[in-house]
Amino acid sequence: MERKEDDEVVCLESFFINDNYQLTTFTFGSQVFELYCLQSASTDYDLTGQLVWPGALLLNSYLSKNSDLLEGCSIIELGSGVGVTGIICSQFCNEVVLTDHNDEVLKILKKNIELHKSLKTARSCAGLVAEKLEWGNPDHMSEISQKYSGGFDLILGADICFQHSSVPPLFDAVEQLLHLKKGKHCKFILAYVSRAKMMDSMVTNEAIRHGMRVVEVPGTRSVVGNHEGVIFEITLQ
Ligand SMILES: C[S@@+](CC[C@H](N)C(=O)[O-])C[C@H]1O[C@@H](n2cnc3c(N)ncnc32)[C@H](O)[C@@H]1O
């Protein structure tokens, strides 16, 4: 039987993708919920988003202690992974748009949103949706800008600065999203986990290069998953 090379590649890719997700319980303050995730991930096909990273634990514990920040807000999260931060936010926000660029990750993100919607009240799920967004992709950015033309009150990111090449496009996306709010206040809350000194300076330098101000939130510097993590608030100058 004749087989096309492309078919073999597709076959191999799906063979190596681990989708043996486990229902896992997370507790942040008084918030307790379950979602599907892996316990360890492969980076081969950029499947880092299949599990919950230390930055998400840091961000969720910060948000659960400061839920007034979220009350009635409209938020977008970049690099959402399985959606652990969005689920916390949906308890308090009016609109929660979770985004990722990886199709496999988007599948489990959507499954977790459905799981959450099936368990919770309509109020807690208001406007909880997933959208495909690759930083720096002009088509994705323009779709988001048109669909959510009123902008967002908050942009969230947890553990999304780990690859040098993706930091400039990340800040391009953040800059466009900050401008969407048109003069009204919008801020980017970044849960940053420091794994390399070069990345530490790159994040600050990229923010400055994009006309932004980076402020460390006092009291948030802590050890998460054997590394130092911190919450930054990033705004347009
Ligand atoms: C280390 S994981 C963090 C996931 C989640 N925020 C957490 O802390 O559990 C990084 C996430 O960013 C996404 N990502 C990486 N590069 C991206 C890009 N260029 N555009 C959009 N998403 C990206 C990955 O698919 C993944 O879900």
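**View 1. Lining of the largest pocket in the predicted model, by residue class.** The lining of the largest pocket divides into 13 nonpolar, eleven polar and five charged residues. The volume of this pocket is about 480 Å³. In total 29 residues line the largest pocket, and those closest to its centre are Gly79, Asp100, Trp135, Ile160 and Phe162.

**View 2. The ligand in the largest pocket.** The largest pocket is where the ligand sits. There are 19 residues around the ligand, of which Trp53, Gly79, Asp100, Trp135 and Ala158 come nearest. Sorted by class, the shell around the ligand holds eight nonpolar, seven polar and four charged residues.

View 3. The ligand taken alone exposes 590 Å², and 97% of that is buried by the protein. Both Trp53 and Ala158 are among the residues that come nearest to the ligand.

**View 4. Gly79, Asp100 and Trp135 beside the ligand and the pocket centre.** Gly79, Asp100 and Trp135 are among the residues that come nearest to the ligand. These three residues, Gly79, Asp100 and Trp135, are also among the lining residues closest to the centre of the largest pocket.

Terms used:
Residues are numbered from 1 along each chain as its sequence is written. This is a predicted model: local features need pLDDT of at least 70, side-chain atom pairs count only at pLDDT 80 or more; totals for chains, interfaces and linings use all residues. Side-chain values use heavy atoms; hydrogens and water are left out. A residue is near a molecule or strand if one of its heavy atoms lies within 4 Å of it. Accessible areas come from the Shrake-Rupley method with a 1.4 Å probe; for residues, only the protein chains shown count as cover. On a 1 Å grid over the protein atoms alone, a cavity is a set of points where a 1.4 Å probe fits but cannot get out, and a pocket is an open set with protein on both sides within 12 Å along at least five of seven lines; lining residues have an atom within 4 Å of a point. A molecule sits in a cavity or pocket if more than half of its atoms lie within 2 Å of its grid points. Ala, Val, Leu, Ile, Met, Phe, Trp, Tyr, Cys and Pro count as nonpolar, Asp, Glu, Lys and Arg as charged, and the others, Gly among them, as polar. Grid points are joined across faces, edges and corners, and a volume is the space filled by probe spheres set on the points.
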